[in-house]
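Subject: Structure handover

Hello,

Here is the structure I promised to pass on. Please open it first, then read the notes below.

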Amino acid sequence: MPRGNTGGGMSARVALVTGAARGIGAATVLKLAEQGWSVLAVDLGGQDPALPYAMATADELAAVVDRAAAHGPVRGHLADVRDLAALTAAVAEAEQRWGGLDAAIAAAGVIAGGVPMWEVPVAQEDAVLDVDLRGVLNLARAAIPAMLRRPEPRSGRFLAVASAAATRGLPMLAAYCAAKAGVAGFVRALGSELGGSGVTANAVSPGSTDTPILAESARLYGLPDAERFAAQQPLGRLLDPAEVAAVLAFLAGPDSSAMTGAVVPVDGGLAL
Ligand SMILES: NC(=O)c1ccc[n+]([C@@H]2O[C@H](COP(=O)([O-])OP(=O)(O)OC[C@H]3O[C@@H](n4cnc5c(N)ncnc54)[C@H](O)[C@@H]3O)[C@@H](O)[C@H]2O)c1
């Protein structure tokens with residue numbers, strides 16, 4: 001099958017998604033597979049000793065891959081986004097398996113805080129900055145050269161999941177806000193830098209979305225459950241991860257060709 005990259009058909013396109021074992025990343029893997037993409041689904045596959053809540057397991061990643069593989073070629077790959085060499089190997093696997101890379105989506109993320117920033121254990125602060133910001137830069141460093149290896153005219157897509165926290169000052173989540181604001185700034189600069197290469201860089205900023213990271217946010221704020229965040233959002237409900245994935249899938253596709261350096265709110269109005 002030709003691996004043409006002219007934007008004419010979606011069936012030959014190849015994506016790598018981090019944070020793929022659950023939540024927004026998993027929903028994005030499913031959505032892209034449904035749309036005919038080949039997808040390398042990347043997640044940590046273990047626990048983060050610095051953090052008091054559970055990361056997704058290798059079994060959860062395998063279950064997502066099984067579900068998505070009903071629609072097309074999807075493979076799981078274990079890698080820590082803090083490890084540039086591991087991400088470079090993941091990109092190489094996608095290129096070797098499917099002949100190239102068209103989209104890299106940085107959805108892996110963690111949260112910590114719940115106390116004044118000067119009381120947050122440094123190891124937790126490092127985890128937030130290193131996964132949520134350094135991990136995004138690492139993916140760009142590993143994946144963009146692969147997307148530029150596609151022949152012209154190309155339509156590569158670097159996408160990151162920022163947050164409404166990129167623009168709101170959320171108390172007791174200072175490092176998370178700093179990392180997400182960093183992601184927004186990074187994507188703006190990257191979009192500029194990529195210029196007319198045919199590779200674009202964009203981000204989405206989700207509002208409160210029903211995933212384990214939101215459950216951990218509720219615990220950090222001493223709330224009984226994540227549903228308590230619903231009232232803060234003009235839509236009056238939590239978002240489903242599939243609603244965020246739908247926008248990421250649009251941004252990954254050829255129809256977003258006029259967009260670069262954009263940070264798109266997908267937040268039920270939370271940032272208004
Ligand atoms: N859920 C929300 O309300 C919300 C709002 C705004 C932004 N976000 C962002 O959306 C993204 C996805 O989060 P989610 O809501 O799906 O949460 P989630 O906790 O369900 O998913 C995060 C995934 O990232 C993986 N991960 C964590 N550390 C990793 C590492 N070092 N290497 C590789 N994978 C790692 C986890 O195992 C997990 O599968 C995150 O960047 C998060 O900050 C979420």
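α6 gives the most to the lining of the largest pocket: four residues. Please keep in mind that this is a predicted model.

The largest pocket

The largest pocket holds about 820 Å³ of space. Its lining counts 46 residues, and Gly109, Tyr176, Thr211, Ile213 and Leu214 are the closest to the centre. At least two lining residues come from each of α1 (23–34), β2 (38–43), α5 (174–194) and α6 (212–220). By class, the lining has 27 nonpolar, 12 polar and seven charged residues.

The ligand

Where does the ligand sit? The space it takes is the largest pocket. There are 30 residues around the ligand, and Ile24, Asp43, Tyr176, Thr209 and Thr211 come nearest. Tyr176 and Thr211 are also among the residues closest to the pocket centre.

In each, a backbone N or O atom faces an oxygen atom of the ligand:

- Ile24, at 2.8 Å
- Gly207, at 3.2 Å
- Ala107, at 3.3 Å

How much of the ligand's accessible area does the protein cover? The ligand has 820 Å² on its own, and the protein covers 99% of that.

α1, α5 and α6 each supply at least two residues of the shell around the ligand. The largest share is from α6, with three residues. The shell has 17 nonpolar, eight polar and five charged residues.

The cavities

I also have notes on the cavities. A search of the whole structure finds two of 30 Å³ or more.

The largest cavity has a volume of about 70 Å³. It is lined by 13 residues, with Ala112, Gly113, Val120, Ala174 and Ala175 closest to its centre. α4 (122–148) and α5 are the elements that give two or more residues to this lining. The lining divides into 10 nonpolar residues, two polar and one charged.

The second largest cavity has a volume of about 30 Å³. Thr18, Val81, Ala106, Ala107, Ala108, Val131, Gly135 and Val136 line it. Ala107 is the residue whose backbone also lies 3.3 Å from a ligand oxygen. Which element gives the most to this lining? That is α4, with three residues. Six of the lining residues are nonpolar, two are polar and none is charged.

Best wishes

Terms used: Residues are numbered from 1 along each chain as its sequence is written. This is a predicted model: local features need pLDDT of at least 70, side-chain atom pairs count only at pLDDT 80 or more; totals for chains, interfaces and linings use all residues. Side-chain values use heavy atoms; hydrogens and water are left out. On a 1 Å grid over the protein atoms alone, a cavity is a set of points where a 1.4 Å probe fits but cannot get out, and a pocket is an open set with protein on both sides within 12 Å along at least five of seven lines; lining residues have an atom within 4 Å of a point. Grid points are joined across faces, edges and corners, and a volume is the space filled by probe spheres set on the points. Ala, Val, Leu, Ile, Met, Phe, Trp, Tyr, Cys and Pro count as nonpolar, Asp, Glu, Lys and Arg as charged, and the others, Gly among them, as polar. A residue is near a molecule or strand if one of its heavy atoms lies within 4 Å of it. A polar contact is a pair of N or O atoms within 3.5 Å; within protein, one must be able to donate a hydrogen and the other to accept it, and residues adjacent in sequence count only if both atoms are side-chain atoms. Accessible areas come from the Shrake-Rupley method with a 1.4 Å probe; for residues, only the protein chains shown count as cover. A molecule sits in a cavity or pocket if more than half of its atoms lie within 2 Å of its grid points.
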